[in-house]
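Look at the open space in this model, then at a few residues around it.

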Amino acid sequence: GYIFKNKITLNSNLIEINHIGTLMHELSHYFLGHTSETDTTSRTLKEQEAETCTYLICQILGIKRHSEFYLKCWDIEDKIIKLHLRELMKQLIKS
């Protein structure tokens, strides 16, 4: 899936539970400000932030999400994730 401006497109080949995770991921991009034209965050960091939020949301909803595989595709290390988790939580609480 992907988000462009305020429109989210999902892969029609996914099963419903994967649509929910993908939707959460794309909404995370939106709420974290990644779709803003002035956002200068690197693509890797955007994906890390969005997927970390997605994982947390899915945990709250009781949805199994294999975020570690997605994050490994972006070559994101565990220590970087831990550094940004606190900031992400602050942003989620504001939303």
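The largest pocket is lined by 24 residues. Nearest its centre lie G1, H25, E26, E47 and Y70. The pocket holds about 520 Å³ of space. On a 1 Å grid over the protein atoms alone, a pocket is an open set of points where a 1.4 Å probe fits, with protein on both sides within 12 Å along at least five of seven lines; lining residues have an atom within 4 Å of a point. Grid points are joined across faces, edges and corners, and the volume is the space filled by probe spheres set on the points.

This is a predicted model: local features need pLDDT of at least 70, side-chain atom pairs count only at pLDDT 80 or more, and totals for chains, interfaces and linings use all residues. Residues are numbered from 1 along each chain as its sequence is written, and side-chain values use heavy atoms, with hydrogens and water left out.

Which elements supply at least two residues each of the pocket lining? They are β1 (2-4), α1 (16-31), α2 (43-61) and α3. The largest share, 7 residues, comes from α1. Helices (H or I, at least four residues) and strands (E, at least two) are DSSP runs, numbered from the N terminus. By class, the lining has 7 nonpolar, 10 polar and 7 charged residues. Here Ala, Val, Leu, Ile, Met, Phe, Trp, Tyr, Cys and Pro count as nonpolar, Asp, Glu, Lys and Arg as charged, and the others, Gly among them, as polar.

The chain has 4 helices and 2 strands. Along the sequence the pattern is β-β-α-α-α-α. Of the 95 residues, 28% count as buried. Buried means under 20% relative accessible area, exposed over 50%, partly exposed in between (1.4 Å probe, protein chains only). Among contacts with a separation of 6 or more, 53% are between residues 24 or more positions apart. A contact means heavy atoms within 4.5 Å.

Some buried residues, with their values:

| Residue | Relative accessible area |
|---|---|
| S67 | 3% |
| S28 | 5% |
| I63 | 12% |
| C53 | 0% |
| C58 | 0% |

Take the serines. S28 lies in helix α1. A polar atom of the S28 side chain lies 2.8 Å from the backbone oxygen of M24. Leaving out residues up to four places away in sequence, S28 touches A50, C53, T54 and I57. S67 is in helix α3 (residues 67-73). The side chains of S67 and E51 are joined by a polar contact of 2.7 Å. A polar contact is a pair of N or O atoms within 3.5 Å; within protein, one must be able to donate a hydrogen and the other to accept it, and residues adjacent in sequence count only if both atoms are side-chain atoms. Beyond four places in sequence, S67 touches E51 and Y55.

Now the loop. I63 sits between α2 and α3. Why does I63 count as buried? I63 counts as buried because its relative accessibility is 12%, under the 20% cut-off. Neighbours within four places aside, I63 is in contact with I17, I20 and C58. I63 and G21 are 42 residues apart in sequence, yet 8.1 Å apart in space, C-alpha to C-alpha.

Last, the cysteines. C53 and C58 are each at 0% relative accessibility. The disulfide count is 0, where a disulfide is a pair of cysteine sulfur atoms within 2.5 Å.
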